[in-house]
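Welcome, and let us take a walk through this structure together. Please have a look at it first, and then read on.

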Amino acid sequence: MGRPAEKVIALAQIATCPGQLQYNLERHLDMVARARQVGAHLVVFPELSLSGYLLAHGVLEHAVRLDDPLLAPLLEASRDLALLVGLPLREGQGGISNAAVLLEGGEVRGVHRKLYLPTSGMFDEGRYFVPGPRLEPLVCSLGRFGVLICEDAWHLSSAVILAQAGVDALLVVAGGPTELDGGEEPAGSRRWHWIVGATAVTTVRPVFFANRCGWEEGVLFGGCSWAVDARGRSLAPPAPPMTETLVVTPFSRVAAARARTLIPIPYAERLDLWRAALENAGA
Amino acid sequence: MLELPGISTALLAETLEKFLAEELRASGLAGYVVGLSGGVDSAVSAALAAAAVGRERVLALALPGPTSAPESLRDAQAVAETYGLRLEKIELGSPAEHLAETLGARADRVRFGNLMARLRMVALFDRARTVPALVLGSSNKSEILLGYSTLFGDAAASVQPLGDVWKTHIFALARALGVPAAVVSKAPTADLWPGQTDAGELGFDYPTVDPVLYWHHEGGMGREELIAAGFPATLVDGALGAYRRNRFKWRPTVVARVSASCMNVDRILPRNPER
């Protein structure tokens, strides 16, 4: 790959089916096996990868707790490499979160609950999920990661907050629907690549983007999973839009830290402007 | 003049083939049954399905009636040969005449046309059950927006790969997929009575009306804006009139909600079997 790699991250671009959880689980285990063969240390799955995206009221039936037996094969698989898995998480106090769960060493290391639930156009997530209460790094043996689920990443402040929290890299997981607008790639994938690149170069962090592909309920998802380093250079060619595939990329905390030493943009963040903006907004 | 945006036919074809492969997988059924009318829409649907799931899993039916043009069957055969599809011919003339006589519908060409369209639906779904297969639809976005279809007739299908694709783009897709030139170039027709054409009934052809529909439906432009943009008032009124008048066909039925668990209102669930 042309650069020294301390670790290997694999982006599992899969096509899931809403409600067919066993089928989806098999897609996970297949990708984990492939990732293990290429020496991956972390496998990143898309948003709601275990359940499918357009479950709608099906989340009432298929939401899982962290001790659900369905997760046992994934916990077992996580003994020798970390996994970030998307699932509808049944909360102890009621409600269901759109969650990304970090597994490693046979244990749950952390959970990010989606903050921004789109409820416009074709989206209706606010109807089925409760929004996440906080934004914090998730930690595993590879480092500190900022996890953003789909629309989380469209709010640029999310990545800035995580950068201020000192993450080593950002993991952006998505179930990104797309339309075709005449371009040679799906319109949604093109937008995602702008977001991934801009997020990387402005936070000076590598960004690893795992999107799903395929169809659910007549809705097309755009794939094109991709990874860039802290300067926005490709760490691997973008995945094709329509095909299940594993994108294998290097990840170097040292290289990212070196980039921030040379380009110290995040350290110059004017938090006083944030404070003033929050006060003006009455927040 | 505002135009309909272009399309990448290669990406569109690849995308729709994935759709047909996934819908079949998720359904757990064995294949697709498609009615070949001899027209461009069903030819494209069949070509996509053959590429998606293999030609051996696509059964084509020719369903001629007493008023079908002779070239329709010939063109259907050409399409089947082009994609290596098994084509079964089911003559619907006799049952159509019998049913039309029973109903007293024979003298009214619209009633008889609708009856033919619905008999074809009956044949397709009956044959699909024997495979078992999904019925592959051939409706396109232009005719759906205009409501130019027979409810529970040609509009009825298990899946509609072309339902969000403009007719203008279907012509481009057809050429890219190698649909026989005679099928691509002939005037679109429902073929429900001799000499019938879509343009003759609608008052405009698809390349003319598609930009109007696009800029109204997707672009959010109203009547006055469309006319100010240069579209003729008669064209705009004709297109928007059909668009408003026939919108009920977008949702073929409505269920009266009297509980807090009404299907598709209070309980929206994935269409394919969960397992």
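At what angle do helix H4 of chain B and helix H5 of chain B pack? Before the answer, a word on the source: this is a predicted model, in which local features need pLDDT of at least 70, side-chain atom pairs count only at pLDDT 80 or more, and totals for chains, interfaces and linings use all residues. Residues are numbered from 1 along each chain as its sequence is written, while chains are lettered from A and ligands numbered from 1 in the order in which they are written.

Now to the two helices. H4(B), residues 93–103, and H5(B), residues 109–130, pack at about 130°, and their axes are 10 Å apart. Here axes are lines fitted to C-alpha atoms, for helices over the stretch in contact, and angles run from 0 to 180 degrees between N-to-C directions. Helices are DSSP runs of H or I with at least four residues, strands are runs of E with at least two, and both are numbered from the N terminus. The pair H4(B) and H5(B) is therefore oblique (under 35 degrees would be roughly parallel, over 145 roughly antiparallel, 65 to 115 roughly perpendicular, and the rest is oblique). On the H4(B) side, Pro95(B), Ala96(B), Leu99(B) and Ala100(B) meet Phe112(B), Leu115(B), Met116(B) and Leu119(B) of H5(B), where contact asks for C-beta atoms, placed from the backbone, within 7 Å.

Let us move to chain A, which has nine helices and 14 strands. Along its principal axes, the C-alpha trace of chain A spans about 50 × 45 × 45 Å. Of the contacts in chain A with a separation of 6 or more, 68% join residues 24 or more positions apart.

Six strands of chain A make an open sheet with mixed pairing, in the order S5-S4-S3-S2-S1-S14; two strands pair if DSSP finds at least two bridges between them. S5 and S14 (245–251) of chain A are at the edges with a single partner strand each, so one side of each has no neighbour in the sheet. On average, neighbouring strands of this sheet are turned by 30° against each other, direction ignored.

Both kinds of pairing can be found here. S2(A), residues 42–44, and S3(A), residues 82–90, are parallel over three bridges, and Val44(A) stands opposite Leu84(A) in S3(A). S4(A), residues 96–104, and S5(A), residues 107–113, are antiparallel over six bridges. Val101(A) has Val111(A) in S5(A) as its bridge partner. Two residues lie between the strands of this hairpin, where Gly105(A) takes a positive phi near 60°.

Conventions:
Contact = placed C-beta atoms within 7 Å.
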